[in-house]
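This report walks through a complex of two chains, taking confidence, fold and contact in turn. The sequence and structure come first.

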Amino acid sequence: MISKSLFTKLGPQSIWIVALLFLIAAVVPLLNLALPESHPLHVPSYLVGLFGKYLCYAMLALALDLVWGYCGILSLGHGAFFALGGYAMGMYLMRQIGTRGVYAHPTLPDFMVFLNWEELPWFWLGFDQFWFAALMVVAVPGLLAFVFGWFAFRSRVTGVYLSIITQAMTYALLLAFFRNDMGFGGNNGLTDFKDMLGVSLQSDGTRAALFSATAVALGLSFLLCSLIVNSKFGKLLVAIRDAESRARFLGYRVEHFKLFAFVVSAMIAGVAGALYVPQVGIINPGEFAPANSIEVVIWTAVGGRGTLFGPIFGALLVNGGKSYFTAAYPEYWLFALGGLFVLVTLFLPKGIVGVLSQLRSAAQKQLGQRASAETGAKPEAAE
Amino acid sequence: MSPKEKQPLLYLNGVSVSFDGFKAINNLSLVVERGEMRAIIGPNGAGKTTMMDIITGKTRPDEGEVFFEGDTDLTKYDEADIACLGIGRKFQKPTVFENHSVYDNLALAFDEDRGILANLFHNETRSRRGRINEILDTVRLSHRKDFLASELSHGQKQWLEIGMLLAQDPKLLLVDEPVAGMTDAETVETANLLREISKNHSVIVVEHDMGFIRDLDVKVTCLAEGSVLSEGSLDHVASDEKVIESYLGR
């Protein structure tokens, strides 16, 4: 019963996308590990790592789209939630280094020994346990989003003002994490990770497994977002986006709905960050840079906000383009990125996916009209 | 009848509010009985919309009392609370959810749990669907059910918004300029619609269109400079010297 209603609620498109992501999660590691390098279908390890990173970005864009595309909250600080999730994972990975660090201290990470710290700060306790770190990956971004959103939405801060304070939030965190006293490795951040859950992060098997985990996490996030936006709650988010006062005068506590979406979105962003860090091997305050958060907005806009597939597509496309451009024409990449954003804003306000689905529905309408003209039936309610 | 039911539905007494020194509402008193439909007229800047803002919790009065159903002090609540208490409001500019279908607009307005979880795990029921279809008939939009609200004409949007109020099923409807920008035929139709609605609901209508007010045939209150200038039947108000002076003109 439940699964049946689940399927009808999601619609075939979402099911296909989730199925495809799960398929990728299963097949790519196989093609990477099981096939010899000479085989034409072999996926080289560097590509597995690269696309694993892209999928993390796609998850971050999806999280942003839930609040921006569906609820009109243009967050220019979503990178902060991503980075906090990343730091939580980074702390776990630091504690796993153990005595293999340069100073070979059994509990303190290298940078703390370097700073002459005597013992582990209280907020590092528990991070030697994976389950605790995994909990913090969602709890810390979620809590920050809750506190921030509670004050912002209750005070009815909207539009460009909200965007500016989200930007200020991530900038403040950037400055805070740069400080050595904060206890997160300062400027250098956390790096030199050795292993995760007992297996080496450098092995191909672990990298392939991380890729799979990311694809599955993206699929599950997509499923969660689909369920949300296809429920009555999701319709209400769009209603709040388009006519907030109307929703309020109908008796909805607009600020609670926004807060819920914002917290869910921050948690998804946190998971994305946590999967990103072991794949790139480092987390530093640079991840809080406002420019990072703005780039996420560009991915989402290019792909198509207000559709769930759009931000995933946009993140893959723009980052693929970035990898190509920065290798082939390094000096032109920023111009290309800026130009892309201007073009999309001017000519494709709904993004690439939005335009495609518009074209498709227009074509269907035309087909329908032709069919009804052929059978001689009048199109219904054509005024 | 219990004492609560003998009380007027809405009771404003000595209400004043000023913005930057300008008194938008000045010692306004107004009583609306249960089941009554009241028309409110007055020149621009008379405080009609501000009065609605006060009743619906958007603006807090500087002084005076606003009571709903006898003992509910509306000045203590905000918009969402007041909507749930049973006061619905139609805006001057038709405000509907443009990217939702006509049906979904009504479904979102429908009187049911406004909580987050209830909306996440909401399931359509047959009785709800039937009730929404009835409202579609009432506001003459059945043939537009699956259209996006943005595809409706201006007049149809006004009706849809009135329909959303009906779906919300409030005890009191505040309707701000429902026929602004409508054709003559639509205006007549809207008067019929409001009369139909007033059979089961109390209604306050703000309007400039005197022909429309005459069609409604209800008690009229004329506001000017934030207070009541004259009150009574339309003929009584229209022949009042003060009203002619400040609003209708000679």
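What is the mean pLDDT of chain B, and what share of its residues reach 70 or more? The model is a predicted one, and for chain B the mean pLDDT is 91, with 98% of the residues at 70 or more. Within chain B, confidence is lowest in helix α1 (residues 3–6), where the mean is 65, and highest in helix α4 (residues 102–109), where it is 96. Where pLDDT is low, the predicted coordinates should not be read in detail. For the complex, the predictor gives an ipTM of 0.92 and a pTM of 0.93.

**Chain B as a whole**

Chain B contains 11 helices and 10 strands, and its C-alpha trace spans about 55 × 40 × 40 Å along the principal axes. A compact globule of 250 residues would have a radius of gyration near 18 Å, and the 18 Å of chain B therefore agrees with that expectation.

**The two sheets of chain B**

One open sheet of chain B is built from six strands in the order β6-β7-β8-β3-β9-β10, with mixed pairing. Its edge strands, each of which pairs on one side only, are β6 (87–90) and β10 (227–232) of chain B, and neighbouring strands are turned against each other by 20° on average when direction is ignored. At one end of this order, G88(B) has L173(B) in β7(B) as its bridge partner, and helix α7 (residues 154–168) of chain B lies across β6 and β7, running at about 170° to β6(B). At the other end, β9(B) and β10(B) form a hairpin with two residues between them, and E225(B) in the turn has a positive phi of about 50°; here A224(B) stands opposite S227(B) in β10(B).

The other open sheet has four strands in the order β2-β1-β4-β5 of chain B, and its pairing is antiparallel. β2 (22–32) and β5 (72–73) of chain B are the edge strands, each pairing on one side only. L12(B) has L30(B) in β2(B) as its bridge partner, while helix α2 (residues 48–55) of chain B lies across β1, β2 and β4 (63–68), running at about 65° to β2(B).

| Strand pair | Sense | Bridges |
|---|---|---|
| β6(B) and β7(B) (residues 172–176) | parallel | four bridges |
| β9(B) (residues 219–224) and β10(B) | antiparallel | five bridges |
| β1(B) (residues 10–19) and β2(B) | antiparallel | seven bridges |

**The contact between the chains**

How many residues does each chain bring to the contact? Chain A gives 21 residues and chain B gives 23 residues. On the side of chain A that touches chain B, the elements that give two or more residues are α9 (232–242), α10 (244–249) and α11 (254–280) of chain A, and α9(A) gives the most, with seven residues. By class, this side of chain A has 11 nonpolar, four polar and six charged residues.

**Helix packing inside chain A**

Helix α11(A), one of the elements on that side of chain A, also packs against helix α3 (residues 45–71) of chain A, at an angle of about 170° and with the axes 9 Å apart. Because of that angle, α3(A) is roughly antiparallel to α11(A). The contact between α3(A) and α11(A) has 19 nonpolar, four polar and two charged residues.

Methods: Residues numbered from 1 in each chain as written. Chains lettered and ligands numbered in written order. Predicted model: local features only at pLDDT ≥ 70, side-chain atom pairs only at ≥ 80, totals over all residues. Contact = placed C-beta atoms within 7 Å. Nonpolar A, V, L, I, M, F, W, Y, C, P; charged D, E, K, R; others polar. Axes fitted to C-alpha atoms, helices over the stretch in contact; angles between N-to-C directions. Parallel < 35°, antiparallel > 145°, perpendicular 65-115°, else oblique. Pairing = 2+ DSSP bridges. pLDDT = per-residue confidence, 0-100. Rg over C-alpha atoms; globule rule 2.2 N^0.38 Å.
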